[in-house]
Amino acid sequence: IPKNEKTQIILHAFYKKGLPTSIPLRLISEDKKTFSENTFLKSLFNFLFITMGTFFLAITFLRQQNEYLYFSLYYGLLFVLLNIQNAFVVSPIPLLGSALIPFLFLLSAFTGLMTTRIFWASEDQTESVKKVFLGIVLFSILLFFANLFLPLESDVAKYSLYYMPALLMAS
């Protein structure tokens, strides 16, 4: 579209249950590149995530300490999230479909929680603190998977329940 010109675009969209129905359109000038088109920036982030994940994986094997594996998983999940969010909105994977990205957020919140648990003084943890920690993790995972099978008509309710477990675990 030429600058300062108007045009009408007609778009026929089919409603698919469980997905948002609004399509945010954005007009970008031809000389401006978006993040998904900027291969240098994308390659830089991919390189950093792969390097950090590999670094912590190497430390896991060299020091024989399994705690570093959570760091490696965290950076691996961030790498997958970055690439999936730039590739598509709804996953072609059956069952997960629109829940793939919230599921990866839940896993990244879990691995982030496990990495912070490493820095807690393990001698000071009582049995009740460990049970509360495990309860929050299990409740979040069960809530997410229960949401996959709930027949909710409201997209707001469905996506709130998709992201609530990750927010609960991250807080």
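**View 1. Overall chain of the predicted model.** From the N terminus on, the elements run α-α-α-α-α. The chain has 5 helices and 0 strands, where helices (H or I, at least four residues) and strands (E, at least two) are DSSP runs numbered from the N terminus. This is a predicted model in which local features need pLDDT of at least 70 and side-chain atom pairs count only at pLDDT 80 or more, while totals for chains, interfaces and linings use all residues. Residues are numbered from 1 along each chain as its sequence is written, and side-chain values use heavy atoms, with hydrogens and water left out. Of the 171 residues, 27% count as buried (under 20% relative accessible area, with a 1.4 Å probe and protein chains only). Among contacts (heavy atoms within 4.5 Å) between residues at least 6 apart in sequence, 58% join residues at least 24 apart.

**View 2. Confidence along the chain.** The mean pLDDT (the predictor's confidence in each residue, from 0 to 100) of the chain is 75, and 74% of its residues reach 70 or more.

**View 3. Nonpolar cores.** A nonpolar core is a set of buried Ala, Val, Leu, Ile, Met, Phe, Trp, Tyr and Cys residues joined through side-chain atoms within 4.5 Å. The largest one has 14 residues, and Phe 144 and Tyr 162 have the most contacts inside it. At least two residues of this core come from each of helix H3 (100-119), helix H4 (127-149) and helix H5 (155-170). H3 gives the most, with 5 residues. A second, separate core of 6 residues includes Leu 77, Leu 100, Ile 101 and Leu 104.

**View 4. Packing of H3 and H5.** The axes of the two helices (lines fitted to C-alpha atoms over the stretch in contact, with angles from 0 to 180 degrees between N-to-C directions) come within 9 Å and cross at roughly 10°. H3 is therefore roughly parallel to H5 (angles under 35 degrees). On H3 the contact involves Ile 101, Pro 102, Phe 105, Leu 106, Ala 109, Phe 110 and Leu 113; on H5 it involves Tyr 162, Tyr 163, Pro 165, Ala 166, Met 169 and Ala 170. These residues divide into 13 nonpolar (Ala, Val, Leu, Ile, Met, Phe, Trp, Tyr, Cys and Pro), no polar and no charged.

**View 5. Surroundings of Ser 108.** Ser 108 lies in helix H3. Ser 108 counts as buried because its relative accessibility is 8%. Leaving aside neighbours within four places in sequence, Ser 108 is in contact with Tyr 74, Leu 77 and Leu 81. Leu 77 is also one of the residues of the second core.

Note on methods. Buried < 20%, exposed > 50% of the residue type's maximum accessible area, 1.4 Å probe, protein only. Parallel < 35°, antiparallel > 145°, perpendicular 65-115°, else oblique.
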